[in-house]
Amino acid sequence: MSRKRARKIEDAATSFARWRAMMGITQDEAATLLAKSRRAVQAYERPDPKTGKPVTPSYTDRVVMDMLAKGLPLPTPWPE
């Protein structure tokens, strides 16, 4: 594996952890904010042992993460 590719995988694995640290929240709090399980949040932070690649947060999760980082209110779901 090239150094550039290894660095890219490492950056992806730590970007969620950096966001969480910047927000000052725990994995449990991040899971609650993103409506995910703690296990899913853990998968965002460390590479899969089989593939060596981290799970990338979905587009929706990344939008919510960005909104939270900017202090914007989250939209409410459509009424049923």
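**Ground rules**

I number residues from 1 along each chain as its sequence is written, and I work with heavy atoms for side-chain values, leaving out hydrogens and water. The model being predicted, I ask for pLDDT of at least 70 for local features and count side-chain atom pairs only at pLDDT 80 or more, while totals for chains, interfaces and linings use all residues.

**Overall layout**

I started with secondary structure, taking helices (H or I, at least four residues) and strands (E, at least two) as DSSP runs numbered from the N terminus. The chain has four helices and zero strands, and along the sequence I read α-α-α-α.

Next I checked burial, where buried is under 20% relative accessible area, exposed is over 50% and partly exposed is in between (1.4 Å probe, protein chains only). Of the chain's 80 residues, 26% come out as buried.

The chain exposes about 6,200 Å², and carbon and sulfur atoms supply 57% of that.

Then contacts, meaning heavy atoms within 4.5 Å. Among contacts in the chain with a separation of 6 or more, 44% are between residues 24 or more positions apart.

**Helix H2 and Leu34**

Which residues of H2 are buried? I get Gln27, Ala30, Ala31 and Leu34. Around the axis they cover an arc of only 100 degrees, so they sit on the same side of H2; the arc is taken from the directions from the helix axis to the C-beta atoms. The general rule I keep in mind is that an α-helix has 3.6 residues a turn, so residues three or four places apart point the same way.

Leu34 lies in H2, which spans residues 27-34, and it counts as buried because its relative accessibility is 7%. Not counting residues up to four places away in sequence, Leu34 touches Phe16, Asp61, Val64 and Met65. Val64 is 30 residues from Leu34 in sequence, yet their C-alpha atoms are 7.2 Å apart.

**The core**

For a nonpolar core I take buried Ala, Val, Leu, Ile, Met, Phe, Trp, Tyr and Cys residues joined through side-chain atoms within 4.5 Å. How many residues does the largest one have? Eleven, among them Leu34, Val64, Met65, Phe16 and Trp19. Helices H1 (3-23), H2, H3 (38-45) and H4 (59-69) each supply at least two residues of this core. Met65 is in contact with Phe16, Trp19, Leu34 and Pro57, its neighbours within four places in sequence left aside.

**Aromatic rings**

Rings of Phe, Tyr and Trp (its six-membered ring) pair if their centres lie within 6.5 Å, and planes under 30 degrees apart are stacked, over 60 edge-to-face, the rest tilted. I find two aromatic pairs in the structure. One of them is Phe16 with Trp19, a tilted pair at 5.4 Å centre to centre and 45 degrees between the planes. Both residues are buried. Phe16 and Trp19 are three residues apart in helix H1, so about one helical turn separates them. Ring pairs link Phe16, Trp19 and Tyr44 into a cluster.

**Salt bridges**

My criterion is a side-chain nitrogen of Lys or Arg within 4 Å of a carboxyl oxygen of Asp or Glu. The whole structure holds four salt bridges; I noted some of them here.

- Arg38 and Asp28 meet at 3.1 Å, N to O. Arg38 is in helix H3 and Asp28 in helix H2, so this pair ties together parts ten residues apart in sequence. Arg38 is partly exposed at 42% relative accessibility, and Asp28 is partly exposed at 43%.
- Asp61 and Lys36 meet at 3.4 Å, N to O. Asp61 sits in helix H4 and Lys36 in the loop between H2 and H3, 25 residues apart, so the pair links distant parts of the chain. Buried or exposed? Asp61 is buried, with a relative accessible area of 4%, whereas Lys36 is partly exposed at 33%.
- Lys70 and Asp66 meet at 3.2 Å, N to O. Lys70 is exposed at 57% and Asp66 partly exposed at 38%.

Key
Accessible areas come from the Shrake-Rupley method with a 1.4 Å probe; for residues, only the protein chains shown count as cover.
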